[in-house]
Amino acid sequence: QRVGLARALANDPEVLLMDEAFSALDPLIRKDMQDELIELQQKMKKTIIFITHDLDEALRLGDRIALMRDGSIVQIGTPEEILVNPANDYVERFVQDVDRSKVLVAENIMRRPETINIDKHGPRVALERMREEGLSGIYIVDSNRNLQGYLTAEAASQAIKDNIQDLSEVINSSVPTVNRDKPMQEIFDLIHDSPIPIAVIDNGKLVGIIIRGSVLAALASEGGVVNHV
């Protein structure tokens, strides 16, 4: 297979067609070849049309996937789009047993965060917002939505008793964060060990939060993920 791939690339083609190229290989060698193909693609920037009956392989290798039935294309999209927004019942059944944790990223499972603006509000407003929303803590941002930290209801109550008005004196600035493209599979340990929601950031700005329920819902959902920003 390696020799065949090298021969195909020797002529420097614009488009490379690979028809069930790895289907006859055992699982370990197959994964090695997939890794090599991904590495080659990153270096050579070739357009590759890869035909496979293995959906996991398609999800691992493909930037875009065309799913066919009876000779017709039923859906084209990124791996995330295929999983999250199946075009019809056939596609939904086709992807229902896929391990979503290998494909979905933080952006797919994050929720809209409740926040307090550190430039405008103090502990009293923060505590009132937490009571209204039924929260035990809340994320703090500035006027540009840059993440500042996390405030618990207990810390807010103590700040009120101590007559502290500046939230920067009572927030916890060491909070767990991930980028929006962090693979869900790499978030499991972080969400398991964290007592507070995981902050999803983009260039320092808070764009969402991940709670344990979001992860479980994404894994259990047949139709995709819920409540992302």
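Reader: How many salt bridges does a search of the whole structure find?
Author: The search finds 10 salt bridges. Keep in mind that this is a predicted model.

Reader: Okay, what does R30 form a salt bridge with?
Author: R30 pairs with E57, and their closest N and O atoms are 3.1 Å apart. R30 sits in helix α2 (residues 27-44) and E57 in helix α3 (residues 55-61), so the pair links distant parts of the chain, 27 residues apart.

Reader: Is R30 buried or exposed?
Author: R30 counts as buried, because its relative accessibility is 14% and the cut-off for buried is under 20%. E57 is buried too, at 2%.

Reader: Which residues are linked with R30 in a network?
Author: D54 and E57 are linked with R30 in a network of salt bridges.

Reader: Nice. Switching over, what does R60 pair with in a salt bridge?
Author: R60 forms a salt bridge with D35, with the closest N and O atoms 2.3 Å apart. R60 lies in helix α3 and D35 in helix α2, so this bridge ties together parts 25 residues apart in sequence. R60 is partly exposed at 33% relative accessibility, and D35 is partly exposed at 28%.

Reader: And where are R129 and E114?
Author: R129 is in helix α7 (residues 123-133), while E114 is in the loop between α6 (106-109) and β5 (115-117). They form a salt bridge whose closest N and O atoms are 3.8 Å apart.

Reader: How accessible is R129?
Author: R129 is partly exposed, with a relative accessible area of 24%; E114 is partly exposed at 33%.

Notes
Residues are numbered from 1 along each chain as its sequence is written. This is a predicted model: local features need pLDDT of at least 70, side-chain atom pairs count only at pLDDT 80 or more; totals for chains, interfaces and linings use all residues. Side-chain values use heavy atoms; hydrogens and water are left out. A salt bridge is a side-chain nitrogen of Lys or Arg within 4 Å of a carboxyl oxygen of Asp or Glu. Helices (H or I, at least four residues) and strands (E, at least two) are DSSP runs, numbered from the N terminus. Buried means under 20% relative accessible area, exposed over 50%, partly exposed in between (1.4 Å probe, protein chains only).
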